[in-house]
Amino acid sequence: MLPSSIQISGEPLSGAEVRDICRGLRDNAVRLLSLRGCRLCDRDFGRICRALAGATSLAQLNLNLGVVSSPSRIKQLAEALRTNRSIQSLFLHGSPLTDAGLALLNPALALHPALVALDLGDCMLGDEAINLICGLLPPDGAKSGLKELTLSANPGITPKGWSRLAIAVAHSSQVRVLNLDYNPLGDHVAGMLAVAVASSRTLEVLDLEGTGLTNQSAQTLLDMVENYPTALRSLVLTENSISPELQQQICDLLSEGEEEEEVAAGAGNTRQQERGREPAAHQKGNSSWICPSDPSSQMVLMTSGLGDSLLAETEM
């Protein structure tokens with residue numbers, strides 16, 4: 001039987017439901033487990049963690065909105081991740097981790113062989129957490145690392161922390177999607193991120209919605225897009241003090257670059273087909289990125305786009 005999905009949102013979980021979830025994980029019948037905002041006792045949370053530790057079919061785990069609500073639960077999750085080898089996407093958005101909690105979780109994240117997408121949005125993180133996260137974005141030539149990172153709504157991170165992240169992104173050979181929306185970044189941090197984008201050979205999506213940017217930032221980003229070839233396909237700048245004209249100019253330039261890539265890719269596909277080979281290893285998800293006003297809706301869209309391609313690539 002093919003692995004299925006279990007998706008429950010905002011409900012209390014009964015003992016029978018927990019038993020069914022654990023059975024599905026032990027039988028390797030679950031590919032996606034989402035318990036977003038669900039309420040369950042510590043004992044049942046521990047049972048689920050022990051079951052997912054040995055699950056080999058589970059690719060995506062969503063514990064958003066406070067499911068991982070205490071240091072004891074963080075430790076249980078970390079223990080499960082140390083044993084698990086299959087989880088590729090982990091969503092902890094809205095969990096009160098703090099820097100101390102991420103320090104407990106980080107060793108398991110750093111050693112996990114399959115993890116490529118991590119959501120730590122609204123997790124009460126600060127600069128110490130950024131130091132740990134940078135270790136998950138290894139530089140060129142090092143081990144594989146994250147391809148999708150979400151750090152939305154972590155206002156405790158200072159410009160010093162963001163500058164460290166920008167350096168890590170600039171030198172990462174993996175990261176494709178970076179969501180920093182609803183952080184008080186300002187123009188200074190945006191300038192550092194522009195340098196990081198110009199240096200990165202892989203970053204395709206950068207979300208800076210609601211980050212306190214002005215036309216000064218937009219002009220810097222426009223100059224970057226106009227004068228430096230990058231992998232960037234989508235730059236989200238809504239909910240900032242940026243003129244619609246500047247936003248449109250940036251959008252137009254990114255669209256032009258994408259069209260040129262598609263023409264080149266089409267020629268490459270023709271050559272591959274002439275050789276009798278399919279370029280499957282180079283296929284990517286939908287590059288048309290929609291920016292809804294609800295950040296949680298955006299996460300779903302991103303997961304269904306690039307996230308699916310990340311899962312496919314890892315399976316290859």
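Which residues in H5 meet which residues in H6? Here are some friendly notes on that contact and its surroundings.

1. **Ground rules.** This is a predicted model, in which local features need pLDDT of at least 70, side-chain atom pairs count only at pLDDT 80 or more, and totals for chains, interfaces and linings use all residues. Residues are numbered from 1 along each chain as its sequence is written, and side-chain values use heavy atoms, with hydrogens and water left out.

2. **The chain overall.** The protein chain holds ten helices and nine strands; these are DSSP runs numbered from the N terminus, with helices (H or I) of at least four residues and strands (E) of at least two. Of its 316 residues, 53% are buried. Buried here means under 20% relative accessible area, exposed means over 50%, and partly exposed lies in between, using a 1.4 Å probe and protein chains only. Among contacts with a separation of 6 or more, 85% come from residues 24 or more positions apart; a contact means heavy atoms within 4.5 Å.

3. **H5 against H6.** To return to the opening question, Asp127, Ile130, Asn131, Ile133 and Cys134 in H5 meet Lys160, Gly161, Trp162, Arg164, Leu165 and Ala168 in H6. By class, this contact has six nonpolar, two polar and three charged residues. For that tally, Ala, Val, Leu, Ile, Met, Phe, Trp, Tyr, Cys and Pro count as nonpolar, Asp, Glu, Lys and Arg as charged, and the others, Gly among them, as polar.

4. **How the two helices lie.** The axes of H5 (residues 127–134) and H6 (residues 159–171) come within 9 Å and cross at roughly 5°. Axes are lines fitted to C-alpha atoms, for helices over the stretch in contact, and angles run from 0 to 180 degrees between N-to-C directions. H5 and H6 are therefore roughly parallel to each other, a label for angles under 35 degrees; over 145 is roughly antiparallel, 65 to 115 roughly perpendicular and the rest oblique.

5. **The buried face of H5.** Ala129, Ile130, Ile133 and Cys134 are the buried residues of H5. Seen down the helix axis, they fall within an arc of 140°, so they line one face of H5; the arc is that of the directions from the axis to the C-beta atoms. In general, an α-helix has 3.6 residues a turn, so residues three or four places apart point the same way. The buried residues of H5 pack against H4 (98–111), S6 and H6.

6. **The sheet.** Nine strands form an open sheet in the order S1-S2-S3-S4-S5-S6-S7-S8-S9, with parallel pairing. S1 (4–7) and S9 (234–236) stand at the edges with a single partner strand each, so one side of each has no neighbour in the sheet. Two strands pair if DSSP finds at least two bridges between them. S1 and S2 run parallel and are joined by four bridges, with Ser5 opposite Leu32 in S2. In S2 (residues 30–34), four of the five residues are buried, so the strand is largely enclosed by the rest of the structure. S5 (residues 117–119) and S6 (residues 148–150) pair in the parallel sense over three bridges, and Ala117 stands opposite Glu148 in S6.

7. **Two residues to look at.** Ser217, in H8 (residues 215–227), is buried with a relative accessible area of 3%. Leaving aside residues up to four places away in sequence, Ser217 touches Gly186, Asp187 and Ala190. Arg176, in the loop between H6 and S7 (177–179), is also buried, at 11%.
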